[in-house]
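Here's a quick tour for anyone meeting this protein for the first time. Have a look at the sequence and the model, then read on.

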Amino acid sequence: MTTKLDELCVNTLRMLSVDCIEKAKSGHPGMPMGASPMAYVLWTRFLRHNPVNPEWPDRDRFILSAGHASMLLYSLLHLTGYDLSLEDLKNFRQWDSKTPGHPEYSHTPGVETTSGPLGQGFANGVGMAIAESFLASHFNQPGHNIVDHYIYSIVSDGDLMEGVSHEAASLAGHLRLGHIIYLYDDNHISIEGSTDITYTENRNARFEAYGWHVQEVEDGNDLDAIENAILTAQNEKEKPSIIAVHTHIGYGSPNKQDASSAHGEPLGPEETRLTKERLGWPVEKHFFIPDEALEHFRKAIEKGKEAEKQWQERFRAFEDAQPELAAEWKQWINRELPDNWDIEIPTFAADPKGIATRVASGKVLNSIAKHVSNLIGGSADLSPSNKTVINGEPDFQAESCNGRNIRFGVREHGMGSILNGIALYGGLIPYGGTFLIFSEYMRPPIRLAAFMGLHVIYIFTHDSIGLGEDGPTHQPVEQLASLRSIPNLTVIRPCDANETANAWRLAMASQEGPVALILTRQALPVLEQTSTQKEGLSRGAYILKDAGARIPDVNLIACGSEIHIALDAAKKIEEKGLKVQVTSMPSWELFEKQPEEYRRHVIPLEVKAKIAIEAGVAQGWHRYTGSDGVVISIDRFGASAPAKVLFEKFGITAEKVVEKTLSFFPDT
Ligand SMILES: Cc1ncc(C[n+]2csc(CCOP(=O)(O)OP(=O)(O)O)c2C)c(N)n1
Ligand SMILES: [Mg+2]
């Protein structure tokens with residue numbers, strides 16, 4: 001039964017959101033007005049959360065996937081008692097406010113993920129559900145339920161149209177992630193108008209085909225119907241649930257309800273007044289929060305404290321019964337690595353024949369995974385190539401949620417967003433692999449991982465024309481430059497097996513943002529120098545081969561497979577009596593963090609001939625060679641042929657380096 005108080009609370013959510021958007025003269029009122037009833041039911045009758053401790057590990061997760069409805073989330077957070085004041089709400093979308101245009105993770109208390117790029121939140125939730133079931137399977141013991149909660153989301157038409165929702169939904173159905181409960185704000189409107197112009201498939205049938213449990217609520221204002229549907233979804237343990245709630249965008253606005261004009265612009269003063277009249281809201285009041293409504297919403301604080309308290313008691317009992325498991329739990333949640341986690345990372349002996357860095361990566365991953373049991377991940381159907389399997393571990397499947405090998409299927413975009421969800425959830429260190437070229441298919445979540453500062457590790461193999469015969473569709477040329485352009489993403493392109501080991505060391509410790517390991521398909525020599533140069537890689541660049549002079553004549557700068565070409569070339573150039581330094585530069589980002597003195601030492605300014613070599617586009621390298629320097633690069637698409645032939649044809653050879661270098665010294 002819907003009471004007057006329920007109605008008052010729903011309208012408080014609606015009109016608080018509308019007033020804040022009016023004040024900002026910017027924002028999206030339509031969805032908060034239509035989706036407030038479902039949000040109200042979920043947040044006051046179901047969501048187990050503690051506004052005083054938003055990070056309590058066993059809380060339900062709530063994701064507003066349709067981030068444009070941010071004002072709805074901010075209203076919920078304020079009303080239920082999070083550290084978000086009415087002043088903060090009044091500063092919606094303003095410089096330095098806690099209420100940015102779209103919700104930002106770690107910026108506003110209670111925001112579980114950054115949402116706004118449609119579809120991402122949907123897929124993040126799938127990652128969170130994977131993490132939840134993995135942790136439940138690892139830690140829960142008979143009589144001790146430490147991890148047991150739901151992943152809720154409100155998703156919109158746009159979320160469901162985006163491809164990533166298809167990928168993530170398909171995997172979630174396969175994995176039977178029964179703790180997912182998504183409310184679909186089924187309002188038939190997107191920016192360009194009715195969804196009839198573009199989005200007419202049978203959506204229920206779509207989700208049923210994935211193996212989801214599907215329900216419909218005919219009237220989005222029917223609180224009891226919404227409540228019943230959520231209860232039914234909770235009882236469905238074997239399937240993820242979606243509830244299509246038929247709503248009206250801009251509900252209550254006499255002239256904008258059901259119109260796309262309600263989507264993304266303030267109602268305007270006159271329409272706001274008319275809407276308040278229609279909903280029986282005091283017209284003259286702004287940001288009005290009736291006392292009874294506030295009191296009702298704020299019950300979340302006591303309920304939340306109590307729920308967390310009960311969990312703490314359960315945890316103490318668990319700790320008594322299972323001290324070792326409990327210690328491991330704390331270690332994972334506190335993001336600590338166990339002592340000696342890296343003790344088995346191999347040092348590779350110098351070897352001119354060498355091994356591919358992807359192969360080295362597989363060995364290193366396994367040596368770490370033996371000691372770090374919360375390292376979890378997989379590949380988008382390329383694990384035999386990416387070397388991402390943890391040997392001897394089960395797959396993560398519906399029947400084996402303790403498995404650490406996730407089979408993402410051919411779903412790079414979904415994988416990227418799911419990795420973000422796992423990292424956001426906490427307790428786990430996720431990694432995911434594909435060919436470097438297909439990082440393109442997962443760029444949106446890579447960007448968001450960087451933006452949110454998530455600890456995610458990417459294993460991108462087949463890093464250049466060196467992959468050979470598969471040809472230009474598979475050969476990255478611009479991908480390195482494009483990844484290096486993402487702020488807070490650390491890109492590491494190691495030159496041999498030992499640099500690969502050190503890259504993994506760094507990736508494991510890099511908690512402030514994602515790390516992309518860029519690895520070769522082809523074998524690379526293992527160098528004598530790298531086995532003793534652990535420090536070097538962590539500084540981004542270092543002198544791999546000294547020139548024997550304070551100021552060399554020539555500085556060759558490279559990374560990855562081109563280091564070996566540089567070393568070969570150095571020998572030949574030295575035969576001409578020139579002093580040559582080779583700088584190994586696996587990571588620009590790490591190098592840029594070094595003090596200037598170190599940077600000048602590794603790439604001295606005064607050197608006459610500075611030459612960078614990379615089997616990819618030149619873009620960016622002049623930053624290190626200077627505008628007078630030379631970049632030996634590939635500024636076109638590749639070709640299908642054996643790798644050796646391609647390096648020759650594209651001029652990524654020691655001979656080419658020698659030729660370019662000697663052009664600086666016409667007298668030699
Ligand atoms: C990936 C992505 N593409 C485009 C947009 C811009 N955008 C914001 S909302 C929206 C669609 C709005 O439709 P819907 O999701 O149904 O929200 P409603 O209008 O019902 O509030 C679009 C295209 C976006 N946020 N993310
Ligand atoms: Mg819509």
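Where is the place of D258? D258 sits in the loop between strand 7 (241–246) and helix 10 (269–279). Keep in mind as you look around that this is a predicted model.

You'll find F287 in the loop between helix 10 and helix 11 (291–321). Here are the two side by side.

Now for the overall layout. The protein is divided into domain 1 (4–304), domain 2 (351–530) and domain 3 (534–662). Taken over C-alpha atoms, the centres of domain 1 and domain 2 are 33 Å apart. Domain 1 puts 29 residues into the contact between them, and domain 2 puts in 28. On the domain 1 side, the elements giving two or more residues are helix 5 and helix 7 (163–175). Helix 5 has the largest share of that side, with 15 residues. Sorted by class, the side of domain 1 that touches domain 2 has 14 nonpolar, eleven polar and four charged residues.

Next, the inside. The largest nonpolar core has 197 residues, and L517, L556 and A566 have the most contacts within it. Helix 5 (residues 120–139) turns up here too, giving the most to this core with ten residues. As for A566, leave aside its neighbours within four places in sequence and its contacts are L556, A558, V582, I613 and V657.

Finally, the ligand. Which residues are closest to ligand 1? Of the 17 residues that surround ligand 1, the closest are M31, S156, D157, G158 and S190. Helix 2 (30–46), helix 6 (157–161) and strand 4 (189–190) each supply at least two residues of this shell. By class, the shell has seven nonpolar, eight polar and two charged residues.

Key
Residues numbered from 1 in each chain as written. Chains lettered and ligands numbered in written order. Predicted model: local features only at pLDDT ≥ 70, side-chain atom pairs only at ≥ 80, totals over all residues. Core = buried A, V, L, I, M, F, W, Y, C linked by C-beta atoms within 7 Å. Buried ≥ 20, exposed ≤ 12 C-beta atoms within 10 Å, placed from the backbone. Helix = DSSP H or I, 4+ residues; strand = E, 2+ residues; numbered from the N terminus. Contact = placed C-beta atoms within 7 Å. Domains from an automatic or database assignment. Nonpolar A, V, L, I, M, F, W, Y, C, P; charged D, E, K, R; others polar. Near = placed C-beta within 6 Å.
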